[in-house]
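Reader: I'm new to this one. Can you show me the structure and talk me through how its chains meet?

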Protein chains: 6
Amino acid sequence: MQKIAVFPGSFDPITCGHESIIRRALPVFDKIIVAVGENAEKKSFFPLEIRMKWLKMVFGDEPGVEIIKYSGLTVDFCVKMNANYILRGLRTSADFEFERTIGLMNKALTPEIETVFLLSAPEYAALSSSVVRDILRNGGNVSKFVPAILAAEMNSSTGL
Amino acid sequence: MQKIAVFPGSFDPITCGHESIIRRALPVFDKIIVAVGENAEKKSFFPLEIRMKWLKMVFGDEPGVEIIKYSGLTVDFCVKMNANYILRGLRTSADFEFERTIGLMNKALTPEIETVFLLSAPEYAALSSSVVRDILRNGGNVSKFVPAILAAEMNSSTGL
Amino acid sequence: MQKIAVFPGSFDPITCGHESIIRRALPVFDKIIVAVGENAEKKSFFPLEIRMKWLKMVFGDEPGVEIIKYSGLTVDFCVKMNANYILRGLRTSADFEFERTIGLMNKALTPEIETVFLLSAPEYAALSSSVVRDILRNGGNVSKFVPAILAAEMNSSTGL
Amino acid sequence: MQKIAVFPGSFDPITCGHESIIRRALPVFDKIIVAVGENAEKKSFFPLEIRMKWLKMVFGDEPGVEIIKYSGLTVDFCVKMNANYILRGLRTSADFEFERTIGLMNKALTPEIETVFLLSAPEYAALSSSVVRDILRNGGNVSKFVPAILAAEMNSSTGL
Amino acid sequence: MQKIAVFPGSFDPITCGHESIIRRALPVFDKIIVAVGENAEKKSFFPLEIRMKWLKMVFGDEPGVEIIKYSGLTVDFCVKMNANYILRGLRTSADFEFERTIGLMNKALTPEIETVFLLSAPEYAALSSSVVRDILRNGGNVSKFVPAILAAEMNSSTGL
Amino acid sequence: MQKIAVFPGSFDPITCGHESIIRRALPVFDKIIVAVGENAEKKSFFPLEIRMKWLKMVFGDEPGVEIIKYSGLTVDFCVKMNANYILRGLRTSADFEFERTIGLMNKALTPEIETVFLLSAPEYAALSSSVVRDILRNGGNVSKFVPAILAAEMNSSTGL
């Protein structure tokens, strides 16, 4: 059976931390679906199309990666995609507590889906999309924190 | 002196985790008042009347449990009810950090009131009202997470 | 049914933190048994007799407190004493993680016994027997950290 | 070179915890700039002018303290003020996780600026502006939690 | 390339928690090597031969599992075994902090080896070999905590 | 008044993490005393003379650093050295919990001494002397983890 993992998130925007987890997890799975959440209730900083375009720019050449938008429960999306794994990165123990709650609830909802975790690289342990948005909002430079191919475009964006 | 405890929350909605803490704490106290918070500033998912009706369905036969709505500071409500104890469950260390802040402030405000904690049962360690709401919002099935008597009604609710 | 709680520990030596938890918990229970662990494998700093003598000096006038030594599993001791509760104080989230493990295992071994937690008073949040021993070992003054009635005797002790 | 530290916050309102950290840090630095954030996106409970007036009432006689409002990235403000240090207090491990993220990102943005931490005094370990606001909102008394000189005025404020 | 994972531990003794992680991880890897540490400096409770015999009784029929003893650095053992993954379970945030340290150091020593984590099942979140040893040492019954096939033999063992 | 800080530890052996904290803290203080603990009860891996020799090799040219051995309580040593500050690094929230306990007890013993914390650099967040000893004990290479000037000598040491 093919090993398909879903890496869910809002990717608002993608950071070096996301990219690192996905690339490091590629050898574990046959395919990783980067699942970009559409959340009707929470306004995103960057529109869905931009977030997806950026993900495609970063992983365009990578045959093992697919970028797909989704809404609803993550486990329902996994079932639809025949994915048996959810992939997540862990930075801090606050992350762990949060992810443990989500992971155990997902397991209770759909026992055949396992959440698999990798440790964030130490240089990205304090990095998050929310930090990147905060810097952008205040006119700072995010080049150290996002994939090189996107830095110029993100720095010149104005929240769009 | 009668041992009266207040178990405060928004119960939006009640979960198996709440029910388990209350039932396990019953032998410790003479009465447990389930205090359902009315918060003018935060819109609840289920209206107050529904939240209280569901609590009454779960604890209707239990002489040691009363369901009362309240607003204002929890310690002020305790004083009004002659309750010397606040009852809380602890799931994770994130919970603990949060509860410790609240508990110490309550103690500073009203030193004669003690907060008493029980550990959540491990099977409910990842369960919260917010998780239940999230599943309902996405059309999922919450039967594993809420008292059996309420499952059908909650699953068919649409946020009301 | 009488509400009897066991407060287990090695009390090597008793600190103001222990005393505070016990006195604050007295109204919750009909009796609190301070259970002083004899651990054949771990050498204590103060001998069992001294540890018990000091506890008796602190709680001698308190009808609701009994000081009893024990060995073996804490839950077995509870059953023998007809105690349905274990009492513990929580200082920090590290404490919580440790106590959660013990508490859940005790519950798995003997489901009818509940562990009940109080928060340590903030002024004792960094206090432990091990800190007191460390100060004594280095010739420091522990008066701020142990019950007043014991301070002089402890400060002049040499580990005995 | 002068040792200038920035102590950033919204001080909505200042608490005894803030005051304690600033006074204890005074001997470490030549000057501490209390930097009061203006956040266009997040409505404050007290208006900026009131928050600054209260800080000035508390630190008016203290030559080593300046009260300045700012917006934008904290590190940019530090550079503008020739400040090489950011001062922060740590209450709990939840605080630590949060501060670590901010501190490491600030270091990544501006490596010459160090964040220096002091431990909150234990009696203020559960105190925060948000707790004070919550008490005020519910008509409680905050005298124990804010500098004495401000207590009467704050208790009679109505969120202003 | 074959996906081989090492699951290192002392397994002193194996618990239901270990068994659960290994079985749940089987679909992720082609082979899982249960690597039983020989630690010359730390005396184990059960001798190495017994620990290995018990692991073989539990996983005897499982073609994807091998039981091998090792000493030295775990990453060196992985290299020798052509294993690119280390498998670990996470129970609590204390676990996470510990595992993060080990995982990052292993990554620094041997960057091509990834540590992959699964969440412990909630019913085993408080279970550890050390808890099992503690119960055995005090004459308690460990049947709920170890694989069924081993319960009788372990309960009648006396530390051996 | 001169700003003198004590950086206490066993430095068994010094790591890049220690070196980084000391160098980053130099601008904050007029002098940093690296205080090398002699602990009669705990056998060190490297003898005191070697540990001190290595510290002197690393900081030999640094006028603001002194290397001094000490025993007894750290606060007593500070008083003797006219040091008003204790310097510590923070890597993780487990570190924080530990340091908070020590720091608050030191403050209770000697209120005029403040503990000042810096965040560990992310690349050293998982590094400790104990990890270095573990690698050395197993014949591994510690060059990435210790000051460059010491790497060869440490790698060829056999625990001495």
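Author: What follows is a short chat about the contacts between chains. This is a predicted model, where local features need pLDDT of at least 70, side-chain atom pairs count only at pLDDT 80 or more, and totals for chains, interfaces and linings use all residues. Residues are numbered from 1 along each chain as its sequence is written, chains are lettered from A and ligands numbered from 1 in the order in which they are written, and side-chain values use heavy atoms, with hydrogens and water left out.

Reader: Start with chain B and chain C. How many residues of each are in contact?

Author: 27 residues of chain B touch 27 residues of chain C. Contact here means heavy atoms within 4.5 Å.

Reader: Why do you say they meet through the same surface?

Author: Because 100% of the interface residues of chain B are also interface residues in chain C.

Reader: What area is buried there?

Author: About 2200 Å² between chain B and chain C, with carbon and sulfur atoms giving 64%. Buried area is the accessible area (1.4 Å probe) that two parts lose on being put together, summed over both.

Reader: How many salt bridges?

Author: Two between chain B and chain C. One of them joins the side chains of C:Arg24 and B:Glu114, at 2.8 Å, N to O. The rule asks for a side-chain nitrogen of Lys or Arg within 4 Å of a carboxyl oxygen of Asp or Glu.

Reader: Which element of chain B gives the most to the side that touches chain C?

Author: α4(B), with eight residues. β4 (85-90), α4 (93-109) and β5 (114-119) of chain B each supply at least two. Helices (H or I, at least four residues) and strands (E, at least two) are DSSP runs, numbered from the N terminus.

Reader: Switching topic. What about chain E and chain A: how many residues does the contact take?

Author: 27 from chain E and 27 from chain A. Chain E and chain A bury about 2200 Å², 64% of it on carbon and sulfur atoms.

Reader: Which side chains meet in a salt bridge there?

Author: A:Glu114 and E:Arg24 do, at 2.8 Å, N to O. The count between chain E and chain A is two.
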